[in-house]
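This briefing is intended for a reader new to the structure shown below. Please keep the model in view while reading the points that follow.

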Amino acid sequence: MHQNNRIISWIISFLFSICMVISISYDQRDNWSLIICDKKHMISALIVTMILTMIVHMIMNVLYSKAGKSFIRLKTQANSGIGEKIFDHHPIAVPWSILIVLWLPNYILYFPGCLTYDIIRQYEQFFSGNLTNHHPVLTTLFEGMFVKFGRNIGCQNVGIAVYLLFTLLFTSGVFAICFYWMHKKNTKYWIRFTGLAFYGFFPIWSAYARTAVKDTLFYPIFVLFVLFIFDIVLEPEKIFDSKVKSILFLIVSLLLCLVRHNGFYILIFTMPFCIVGVKKYRRQLIVLFIIMVAFWEVYQKAILPMAGVKPGGKQEMLSIPFQQTARYVKYYRNDVSTEEEKVIRKVLDYDTIGKNYDPDLSDPVKNTYKQKDEYLKDYFNIWFEMLKKHPTAYIQATLNGTYGYWGYMTEIRYPYGYYVQPESMDIYQKEYKIYYLEKTKYIRDIYHGVLDTIYQKTPLTLFTKPMIYLWILIGLLGMVCSFKKTIRYWIAFLPVVTSFLICLASPVNGDMRYMLPITASTILYVAFVNEIIYKEYNKF
């Protein structure tokens, strides 16, 4: 094994072990008492970390060695088997058809589809005309259009069902494009079969394809953006020597921002590094980046206000500091000065944030935000003063609110999608009473029971843990950085790195919905690493 591989393997193994030990403590006790409450626990945690580090290092050595040899080896494959028929004869049509067939039973069982709290609020905005950009207004208009169509023909359910059929076809079509990209790169069949099985049989994909929520538009567009980034770092001439592909890249990048606000952060973190790394086409990248940023500024500051769309609240970006304040108030209330309390009251409901503090969900705290942005400067001044008094409160609030993404978490929110309607919501009961077909209830109960058994009581439960996808990607990035010839390709990982950071800042701990872009891209990164290692070590 190459020396760089060993060093990187040790680093990743150590980080993984620390994350596992810390996360187990928070999973069981919502604090770090299993690690540092006394000398005995500290020694035990240290021993476990060391043992786990050595075990993971040995596993990574084997995986790096086998994967490295496999990726470097010539990609000549037998052209007479089922792999060629599925992935090469009609590289888009066949995988797309297979995914549609595998997903349709879920769509039919839960017809006309599953609603969510967010989508109903978007419907209400659409029909009332009181549009805000709290949820991306483009998705509000697009989704609302289908419901309006249903109401116009006398059946709201039909409108929702048609929209969700579109999302099913769109998402499966994007995944089919992924297989087309692998076909062009002659990716090894075992990677393509793994991807087809993952997209086809892991129920989270078919479940979200028939669930009305803005994420079902975002993560397929994110995947398309990732594919463009792959081509930009691998073969930029194929993008920038073609006006059509350059325009398509621009459209995908803009849609990435329009269907979810997070997309803009992914864009501004990724593009500058592409500009630096892809020297030959730097001018084209700079022009495109300027167009993207200019469009976003005009859209946010001119088009939306002119259309009467109100801006979304800033509380969505403040989950971390608000949760830190709430934990501080809960555990150190007596140390809050009169001035600090006065400032907090201007921003949040001081009387309830400590009592209602949920370490895994920021909604009970951030939803008390009083929309008085002018007091945020004062708030952050006292936030910093409180940090100096009890820094561990802030550290623990952050670890407790994010460990589900980087460590082990027993209870993952919606681990394989949504299966029930939001019947506890007043607006749902009044306007959107959409129920599944009674004739399929018996089959639905059996199906859901099977899913619970498979994904909660067998090793396949790992697929429902956000951390598994993060650590696979970290391992792949480590492999890229361990070879001198491939280290420059780390830029391609920036979209998923940024997406992961967004997950950490999200209001929910360990929610697979926020991890969908990363989860959907994981198998693509395996194919990408296969391509760059093969390409760099088989040049003639």
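This is a predicted model: local features need pLDDT of at least 70, side-chain atom pairs count only at pLDDT 80 or more; totals for chains, interfaces and linings use all residues.

Zero salt bridges are found by the rule across the interface of domain 1 and domain 3. The side of domain 1 that touches domain 3 comprises three nonpolar residues, one polar residue and one charged residue.

**Domain layout**

- The protein is divided into domain 1, covering residues 2–72, domain 2, covering 92–212 + 423–464, and domain 3, covering 314–401.
- Taken over C-alpha atoms, the centres of domain 1 and domain 3 are separated by 32 Å.

**Extent of the interface between domain 1 and domain 3**

- Contact between the two domains involves five residues of domain 1 and seven residues of domain 3.
- Together, domain 1 and domain 3 bury about 530 Å², of which 58% lies on carbon and sulfur atoms.
- Of the area that domain 1 buries against domain 3, 88% is supplied by Y26, D30 and W32, more than by any other three residues.

- Residue Q300 is located in helix α15, which spans residues 282–306.
- Q300 counts as partly exposed because its relative accessibility is 28%, which falls between the limits of 20% for buried and 50% for exposed.
- Leaving aside residues up to four places away in sequence, Q300 touches N133 and P305.
- Q300 and N133 are 167 residues apart along the chain, and their C-alpha atoms are separated by 9.1 Å.

Note on methods
Residues are numbered from 1 along each chain as its sequence is written. Side-chain values use heavy atoms; hydrogens and water are left out. Domain bounds come from an automatic or database domain assignment. Contact means heavy atoms within 4.5 Å. Buried area is the accessible area (1.4 Å probe) that two parts lose on being put together, summed over both. A salt bridge is a side-chain nitrogen of Lys or Arg within 4 Å of a carboxyl oxygen of Asp or Glu. Ala, Val, Leu, Ile, Met, Phe, Trp, Tyr, Cys and Pro count as nonpolar, Asp, Glu, Lys and Arg as charged, and the others, Gly among them, as polar. Helices (H or I, at least four residues) and strands (E, at least two) are DSSP runs, numbered from the N terminus. Buried means under 20% relative accessible area, exposed over 50%, partly exposed in between (1.4 Å probe, protein chains only).
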